[in-house]
Amino acid sequence: MLFGRRKLKTKRPTPAPPAPPPGEAEPPTVTITPSSDGAPVTTPPPIAAEPARPLPPPFMAGDTLPAAEVGADLTVDCTAVTHNWRTLASRAAPADCAAVVKADAYGCGLEPITSTLAAAGCSTFFVAQLAEARRARAAAPAAVIYVLNGIAPGSAQYFAEIDARPVIGNLGELTEWDAFRTVHSWRGGAALHFDTGMNRLGLPMEEAASLAGRVRSMPNHGISLVMSHFACADEPKHPLNQKQIRDFQEIRVMFRGVAASLANSAGIFLDSSAHFDLVRPGIALYGANPTVANVNPMRPVVELRGRLLQARIIPEGATVGYGATWTAKRVSRIAIVAVGYADGFSRPIGSSDARRGGEAVVHGKRCPIIGRVSMDLLAIDITELTKDVHRGEWVTLLGEGIGVDEMAGWARTINYDVLTRLGHRFHRVWKR
Ligand SMILES: Cc1ncc(COP(=O)(O)O)c(C=O)c1O
């Protein structure tokens, strides 16, 4: 099965004209006259492009950009995502385990991740926007799909079209949804989101009792979930966690009979009082560490490899890249790789004479990234390598021990940012 993010119509290369039968005239060659010296130049006949080579097993090829021409390839290990989901589900049991697949499944590909997890038994998915819900619906026709950002004014009908459930976070949305359901006799579900401390989206706690009464008085209210969201679950000792759990326990009592959900990935690693009926992991599915102090219990999911464009020797004292921020302390061998900040490879991962940056793996050895990361390129110091490197070979930027958490540290950001920024110029492969 192939998963395409965008189908590109590729023109087949024009084949070279067939050789004329013996005795017939050669086809005419094209001549051009350059303006510099006026001497006519004969162009050779076009050369037929090599036919595309089959991709190596056991990977499945995404049909985004052909492997042969890209500067980087991104492999998403769907079996690791399934393993991670099962690990989280067994930790949260008897609560159900959903999957958060917003932002293109955190950069890992919404369709392949959704269909993989649906096949593994995940029946509830969360996205942020309706457009994502449409994609999730196509990938998981029987799943329950919640849209976290709720109903934009006038958009209720679009939820009904794909049987997606809005996560309602204010009274205006609730009024609009109720009106739509009444006028169109729509019986589809929705979630009520209560704010227990994040102060982002969500109905105020003070409204919970009256809303619970209103819901109970409506025979077909369609409220299938009450939920809230942790602000500090990644800091297990933060006092807000216990306060949010207590407040949400009150809500659950008021909405007896309706499923309740509070925990994200890190929330699953708090104690079981955080689990309620349904947990909503995102980042941990994609291999990032949901626990601060412990060894990462998740399997790595993403591997990013950049193509080596050229290697060069530079003398001691030469500088590398824009701003000349990195200076060779010895005669150095450097490799230039076809990945830059336009591919989501953050500029802070670069380095200068004053500051170490990130690393890449070449021939199994970690080598420092040197100078500034530019839009489409980065440089690596490969002086320590004993073997030659070759144009076209791959350098590992994520994978072979470099995880999203380590890269986030180099980039001075968070693992979510590393994953969701992953660019769109890669050849993508989903490994099953
Ligand atoms: C409401 C809500 N629930 C769950 C999640 C998943 O969180 P995480 O990726 O930390 O597991 C998110 C992510 O931002 C969210 O906004």
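Q: Against which elements do the buried residues of helix 4 pack?
A: In this predicted model, the buried residues of helix 4 pack against helix 2 (102-106), helix 3, strand 7 (124-127), strand 8 (144-147) and helix 5 (156-161). The buried residues in question are Leu130, Glu132, Ala133, Arg135, Ala136 and Ala139.

Q: How many helices and strands does the protein chain have?
A: There are 11 helices and 23 strands in the protein chain. The chain has 432 residues, of which 42% count as buried. Contacts can also be sorted by separation in sequence: among those between residues at least 6 apart, 63% join residues at least 24 apart.

Q: At what angle do helix 3 and helix 4 pack?
A: To read a helix pair, one takes the angle and the distance between the two axes, and then the residues that meet. Helix 3 (residues 110-120) and helix 4 (residues 130-139) pack at about 45°, and their axes are 8 Å apart.

Q: Which residues of helix 3 and helix 4 meet?
A: From helix 3, Leu110, Glu111, Thr114 and Ser115 take part; they meet Glu132, Arg135, Ala136 and Ala139 of helix 4. The residues of this contact divide into three nonpolar, two polar and three charged.

Q: At what angle do the axes of helix 1 and helix 3 cross?
A: The axes of helix 1 and helix 3 cross at roughly 50° and come within 10 Å. Helix 1 and helix 3 are therefore oblique to each other. The crossing of this pair is right-handed. Cys78, Val81, Thr82, Trp85 and Arg86 in helix 1 meet Pro112, Ile113, Thr116, Leu117 and Ala120 in helix 3. By class, the residues of the contact of helix 1 with helix 3 are seven nonpolar, two polar and one charged.

Q: Which residues of helix 3 are buried?
A: The buried residues of helix 3 are Leu110, Pro112, Ile113, Thr114, Ser115, Thr116 and Leu117. Just after helix 3 comes Gly121, with a positive phi of about 115°.

Q: Why does Val418 count as buried?
A: Burial is read by counting neighbours: a residue with 20 or more other C-beta atoms within 10 Å of its own is buried. Val418 has 28 other C-beta atoms within 10 Å, and is therefore buried. Val418 lies in helix 11 (residues 415-420). Apart from its neighbours within four places in sequence, Val418 is in contact with Val404, Met407, Ala408, Ala411 and Thr413. Although Val418 and Gly107 are 311 residues apart along the chain, their C-alpha atoms are separated by 9.0 Å.

Q: Is Gly154 buried or exposed?
A: Gly154 counts as exposed, because it has 9 C-beta neighbours inside 10 Å. Gly154 is found in the loop between strand 8 and helix 5. The C-alpha atoms of Gly154 and Glu173 are separated by 9.8 Å, the two residues being 19 apart along the chain.

Q: Which residues are joined by a cis peptide bond with omega of about 10°?
A: Most residues other than glycine have a negative phi, and most peptide bonds are trans. In this model, a cis peptide bond with omega of about 10° joins Ala93 and Pro94. Pro94 is in the loop between helix 1 (78-92) and strand 5 (96-97).

Q: What is the phi of Phe276, and what is that of Ala324?
A: Phe276 is not a glycine, yet its phi is positive, at about 50°. Phe276 is placed in the loop between helix 9 (265-268) and strand 14 (278-279), and is buried, with 24 other C-beta atoms within 10 Å. Ala324, also a residue other than glycine, has a positive phi near 50°. The place of Ala324 is in the loop between strand 16 (319-320) and strand 17 (326-327). With 13 C-beta neighbours inside 10 Å, Ala324 counts as partly exposed.

Key:
Residues are numbered from 1 along each chain as its sequence is written. This is a predicted model: local features need pLDDT of at least 70, side-chain atom pairs count only at pLDDT 80 or more; totals for chains, interfaces and linings use all residues. Axes are lines fitted to C-alpha atoms, for helices over the stretch in contact, and angles run from 0 to 180 degrees between N-to-C directions. Helices (H or I, at least four residues) and strands (E, at least two) are DSSP runs, numbered from the N terminus. Two residues are in contact if their C-beta atoms, placed from the backbone, lie within 7 Å. Ala, Val, Leu, Ile, Met, Phe, Trp, Tyr, Cys and Pro count as nonpolar, Asp, Glu, Lys and Arg as charged, and the others, Gly among them, as polar. A residue is buried if 20 or more other C-beta atoms lie within 10 Å of its own, exposed if 12 or fewer, and partly exposed in between; C-beta atoms are placed from the backbone. Angles under 35 degrees count as roughly parallel, over 145 as roughly antiparallel, 65 to 115 as roughly perpendicular and the rest as oblique. A crossing is left-handed if the near helix is turned anticlockwise from the far one by less than a right angle, and right-handed if clockwise.
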